[in-house]
Amino acid sequence: MSETVVHVLRHGEVYNPEGVLYGRLPGFRLSELGVQMAKAAAQGLAERNVVHVVASPLERAQQTAEPIAAQFGLPVGVDERLIESANWFEGKKVSPGDGSFRDPRNWWVLRDPVTPSWGEAYQAIAERMFAALHAARVAAEGREAVLVSHQLPIWTLRRYVERKRLWHDPRKRQCGLASLTSFHFDGAKVVGIGYSEPAAHLVAISATARTAKGA
C-alpha cells in the first residue's frame with residue numbers, strides 16, 4: 001500500500017501588540033512577518049504531492065493555509081477539530097515570569113496541571129486532533145495533506161500518537177512557528193513522524209525583535 005503523509009502545520013506569527021493570550025478570540029491575524037512565514041511553509045512543501053488542505057477556523061490558521069492551497073490550486077477546508085484549545089486565561093495578559101501563576105486569585109484555576117484545570121482536557125484535545133488527522137489521511141489516500149492548527153493541539157497530538165503522557169512542560173515543545181509535524185502512514189498505521197521548520201530564518205528574526213523590545 002502506498003504511503004500517505006499528513007503534514008500538521010502550526011500557524012505563523014500573530015500580530016498581538018498587547019501581548020494577550022488570544023486563544024480562540026476572533027480578530028487575531030498574522031503579522032507581516034507571520035505572512036512571510038506562511039509563504040516559507042508553502043515553499044517548503046512546493047515539491048510535495050499535496051491534494052488536501054484544511055485549517056482551523058481561526059483567522060491566523062486560515063491565513064497560513066492560503067498560500068499553500070493557492071500553490072496547489074486547492075480550496076482551504078475548515079475543520080473545527082483543529083481549533084486552538086480552550087483556556088481560562090483567554091484574553092488576559094499572562095506569560096512566564098509575570099507573576100500571574102503566583103497570584104492566589106488564580107490558584108484554584110491552576111490546581112490540576114495534569115488534566116489541566118485551566119482549560120480543555122489534554123485527552124479531549126488529543127482525540128479531536130487524532131480524528132482530524134485520520135480524516136485527512138483518508139481524503140489524501142496515497143498522497144499528502146496539510147492541516148493547519150495551533151501549538152498545543154499539535155504537540156498534544158504528537159505525544160498521543162507517540163504514546164507519551166499528555167501533560168508536559170510547555171517550554172519543551174518541539175513546535176515552532178510555521179513548523180511542520182509530518183505523520184507518515186502505511187494504510188491506517190502511523191509508521192513515522194517527521195519535523196521541520198521551513199520558516200526558521202524568519203522565526204529567528206521574530207525572536208530577535210522580541211528580545212530587543214524586552215519581551
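S206 sits in helix α5 (residues 200-212), where helices (H or I, at least four residues) and strands (E, at least two) are DSSP runs numbered from the N terminus. The structure is a predicted model, so local features need pLDDT of at least 70 and side-chain atom pairs count only at pLDDT 80 or more, while totals for chains, interfaces and linings use all residues. Residues are numbered from 1 along each chain as its sequence is written, and side-chain values use heavy atoms, with hydrogens and water left out.

Back to S206: this serine is buried, at a relative accessible area of 2% (buried means under 20%, exposed over 50%, partly exposed in between, with a 1.4 Å probe and protein chains only). Leaving out residues up to four places away in sequence, S206 touches E13, L33 and M37, with contact meaning heavy atoms within 4.5 Å. The L33 pairing spans 173 residues in sequence but 7.6 Å in space, C-alpha to C-alpha. With E13, the S206 side chain makes a side-chain polar contact of 2.3 Å. A polar contact here is a pair of N or O atoms within 3.5 Å; within protein, one must be able to donate a hydrogen and the other to accept it, and residues adjacent in sequence count only if both atoms are side-chain atoms.

Now for the sheet. Six strands make an open, mixed sheet in the order β3-β2-β4-β1-β5-β6. The edges go to β3 (77-78) and β6 (189-196), each with a single partner strand, so one side of each has no neighbour in the sheet. Strands count as paired if DSSP finds at least two bridges between them; β2 (residues 50-55) and β3 are joined by two, in the parallel sense. Across that pairing, V54 stands opposite G77.

Helix α3 (residues 122-139) lies across β1 (3-10), β2, β4 (144-149) and β5 (180-186), at about 135 degrees to β1. Axes are lines fitted to C-alpha atoms, for helices over the stretch in contact, and angles run from 0 to 180 degrees between N-to-C directions. Buried residues of α3, among them Y122, M129 and L133, pack against β1, β2, β4, α4 and β5.

Helix α4 (residues 151-161) is largely enclosed by the rest of the structure, because nine of its eleven residues are buried. Those buried residues pack against β1, α3, β4, β5 and β6. Just after α4, R163 adopts a positive phi of about 60 degrees.

In the loop between α4 and β5 comes H168, buried at a relative accessible area of 11%. A polar atom of the H168 side chain lies 2.8 Å from the backbone oxygen of L166, and a 2.9 Å polar contact links the side chains of H168 and R173.

The largest nonpolar core has 22 residues, with V6, V8, M129, L133, L147, L157 and F183 having the most contacts inside it. A nonpolar core is a set of buried Ala, Val, Leu, Ile, Met, Phe, Trp, Tyr and Cys residues joined through side-chain atoms within 4.5 Å. Two or more residues come from each of β1, α3, β4, α4 and β5, with α3 giving the most, seven. A second, separate core of 14 residues includes V50, V53, A61 and A65.
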